Structures are given as structure tokens and as C-alpha cells.
Amino acid sequence: MAAPTVRSFKLRFPEFSGVDDPTIEFWLGDVDSELSETAFGEHYNKAVETLAAHELALSNQRAANAQTDESGKVQTQPQGTVVSASADGLSVSLAAPKAATGTNREAYLSQTPYGTAYLSLRARCLRRARVA
């Protein structure tokens with residue numbers, strides 16, 4: 001089976017059409033090395049593209065939330081649900097994001113619609129592989 005391409009990725013996810021090709025190639029290659037073509041069968045390219053979209057979306061989100069200090073060190077903004085706040089002393093407490101159920105990997109994948117689509121595809125493909 002031919003590997004997923006930037007063209008097929010952008011057809012599946014046109015919302016990433018403005019992303020440069022080398023960035024998409026990087027994520028496709030990165031994800032390709034993690035997944036088993038045997039496990040996903042005919043849905044392998046879709047799995048690679050969907051997981052790459054998840055990684056790209058998270059990367060874009062981190063980049064949007066990052067700032068650089070005077071020394072050039074990247075500072076990211078804390079994330080989570082505000083569970084308490086103060087006013088004059090300026091104190092904010094955040095709850096760490098967590099999944100309702102499942103593993104840390106599932107919680108990680110649940111952060112984007114692409115990750116949840118990948119989880120669904122993975123469940124269907126791996127269930128089929130166990131039955132066969």
C-alpha cells in the first residue's frame with residue numbers, strides 16, 4: 001500500500017491547506033513509524049492521516065499559546081479548568097486535564113476531534129483484527 005501523501009492529507013483535512021507541505025510530511029512520517037499497517041489494513045492511510053492531524057492540531061495549539069521570554073526561552077501558558085481564583089493577591093488554581101475513562105494515551109488523543117476519530121477507527125480496526 002502506498003504511504004499517505006500531503007495531497008491526500010489535505011484532501012481529507014482541508015482545514016490544514018494553509019500548512020506548509022514539509023510540516024505535514026514531518027507529521028505523516030512521525031506517525032507512520034508508530035502504526036502497524038497490518039493492524040489497520042485497508043484503513044492504514046486514514047489512521048496515519050488522522051493521527052497526524054491530531055499531532056499537528058496539538059502542535060499548532062501549543063505554538064499559539066507559547067511566548068518567548070527575554071532570554072529566548074519558550075514559555076507555554078498553563079492549561080486546565082480554573083477551579084479557584086483570587087483577586088488582589090492574584091492567585092489562580094487550575095485542574096489538570098484528565099480523561100473520564102481510559103488510559104493516559106486515550107486522554108491525550110481525546111484533546112482533539114482528530115484524536116477521537118483516530119480512537120474510533122483504532123477500536124473498529126483492532127476489534128476486526130481480533131475477530132479474524
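Is Glu106 buried, exposed or partly exposed? At 26% relative accessibility, Glu106 is partly exposed. The close-ups below come from a predicted model, and we return to this residue in the last one.

**View 1. The largest nonpolar core brings together 25 residues.** Among the residues with the most contacts inside this core are Phe9, Phe16, Ile24 and Leu56. Helices α1 (6-12), α2 (21-32), α4 (44-65) and α6 (113-131) each give two or more residues to the core. The largest share, eight residues, is supplied by α4. In soluble globular proteins, nonpolar side chains tend to be buried together.

**View 2. Here is Leu35 with its neighbours.** Leaving aside residues up to four places away in sequence, Leu35 touches Phe40, Tyr44, Ala47, Val48, Leu51 and Tyr118. Leu35, Phe40 and Tyr118 also belong to the group with the most contacts inside the largest core.

**View 3. Lys10 and Asp21 form one of four salt bridges in the structure.** Their closest N and O atoms lie 2.7 Å apart. The pair joins helix α1 to helix α2 across eleven residues of sequence. Asp21 is partly exposed, at 36% relative accessible area.

**View 4. Arg105 meets Glu34 in a salt bridge (3.6 Å, N to O).** Arg105 sits in helix α5 (residues 104-109), while Glu34 is in the loop between α2 and α3 (37-40), 71 residues apart. Arg105 is partly exposed at 32%, as is Glu34 at 46%.

**View 5. Back to Glu106, whose side chain meets that of Arg122 in a salt bridge (3.6 Å, N to O).** Arg122 is partly exposed, with a relative accessible area of 22%.

Notes. Residues are numbered from 1 along each chain as its sequence is written. This is a predicted model: local features need pLDDT of at least 70, side-chain atom pairs count only at pLDDT 80 or more; totals for chains, interfaces and linings use all residues. Side-chain values use heavy atoms; hydrogens and water are left out. A nonpolar core is a set of buried Ala, Val, Leu, Ile, Met, Phe, Trp, Tyr and Cys residues joined through side-chain atoms within 4.5 Å. Buried means under 20% relative accessible area, exposed over 50%, partly exposed in between (1.4 Å probe, protein chains only). Helices (H or I, at least four residues) and strands (E, at least two) are DSSP runs, numbered from the N terminus. Contact means heavy atoms within 4.5 Å.
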